[in-house]
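User: Please go through some local features of this structure with me, one question at a time.

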Amino acid sequence: MSSEYRCTLEDLLIIDFETTCEENVFDHPVEIIQIGVVVLNIKDKVIREDIVFDKLVKPVVNPILSQHCIELTGIQQDSVDKADTFSVVYQHFLAWLKEHKFDERKFAFVCDGRQDMWRLAQYQFLLIKENFPAIFRQWINMNKIFQDVAKEKYLSIAGRSNLQKMSNFFEIEFEGHAHNHT
């Protein structure tokens, strides 16, 4: 018998949601305005740059983006005005999963924190009056794992976002934007 660990997962789907927002307004009903997914193949330990999902979503409750939201995400009003609603984009996402033969028993979502799944995604499905899909129940909270690794240093690590903090902690140059991966 081998003591080697064998993971049943083949891929990690690193998912990020951008949402509507208002600066310093914490009861603003957020809506997803972008879904982005990058695939990490666990076996080969590579990011699959040939398989990416990136779609903007047209908000319906608060269709006009705040200036704060535009500055934070870089997403422009005319872009979301031309986008499909969440229900349509979600169907595109399911088709993307099927097209790339992702078996839900062999992947897990990875997100920046529990808010992505337990606040943003669940609320979005409530808005469209659909049950929260079972595929979103298998997810990994990257920020929680990072906090466990960084321990007492976590609060003193510089960075405006969790990803910037992680990059600084591991001394990896941060590339891109804190919000909106495009």
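The questions and answers below concern a predicted model.

User: Is strand β2 largely enclosed or exposed?
Analyst: Strand β2 covers residues 32–41. Buried here means under 20% relative accessible area. Of its 10 residues, 8 are buried, so the rest of the structure leaves strand β2 largely enclosed.

User: Which residue of β2 stands opposite Leu12?
Analyst: Strand β1 (residues 11–19) pairs with β2 in the antiparallel sense, over 9 bridges. Opposite Leu12, the residue in β2 is Leu40.

User: In β3, what is the bridge partner of Val37?
Analyst: β2 also pairs with strand β3, residues 46–56. That pairing is antiparallel and has 8 bridges. The partner of Val37 in β3 is Phe53.

User: Which residue in the hairpin of β2 and β3 takes a positive phi?
Analyst: The hairpin has 4 residues between the strands. A positive phi near 55 degrees is taken there by Lys45.

User: How does Ile145 count by relative accessibility: buried, partly exposed or exposed?
Analyst: Ile145 is placed in helix α5, residues 142–150. With Val149, Phe170 and Ile172, Ile145 makes a nonpolar surface patch of about 380 Å². Its relative accessibility is 47%, so Ile145 counts as partly exposed.

How values were computed. Residues numbered from 1 in each chain as written. Predicted model: local features only at pLDDT ≥ 70, side-chain atom pairs only at ≥ 80, totals over all residues. Heavy atoms only, no water. Patch = residues over 30% accessible without salt bridge, like charges linked within 9 Å, V, L, I, M, F, W, Y side chains within 5 Å. Areas by Shrake-Rupley, 256 points an atom, 1.4 Å probe, with all protein chains shown as cover. Salt bridge = Lys/Arg side-chain N within 4 Å of Asp/Glu carboxyl O. Helix = DSSP H or I, 4+ residues; strand = E, 2+ residues; numbered from the N terminus. Buried < 20%, exposed > 50% of the residue type's maximum accessible area, 1.4 Å probe, protein only. Pairing = 2+ DSSP bridges.
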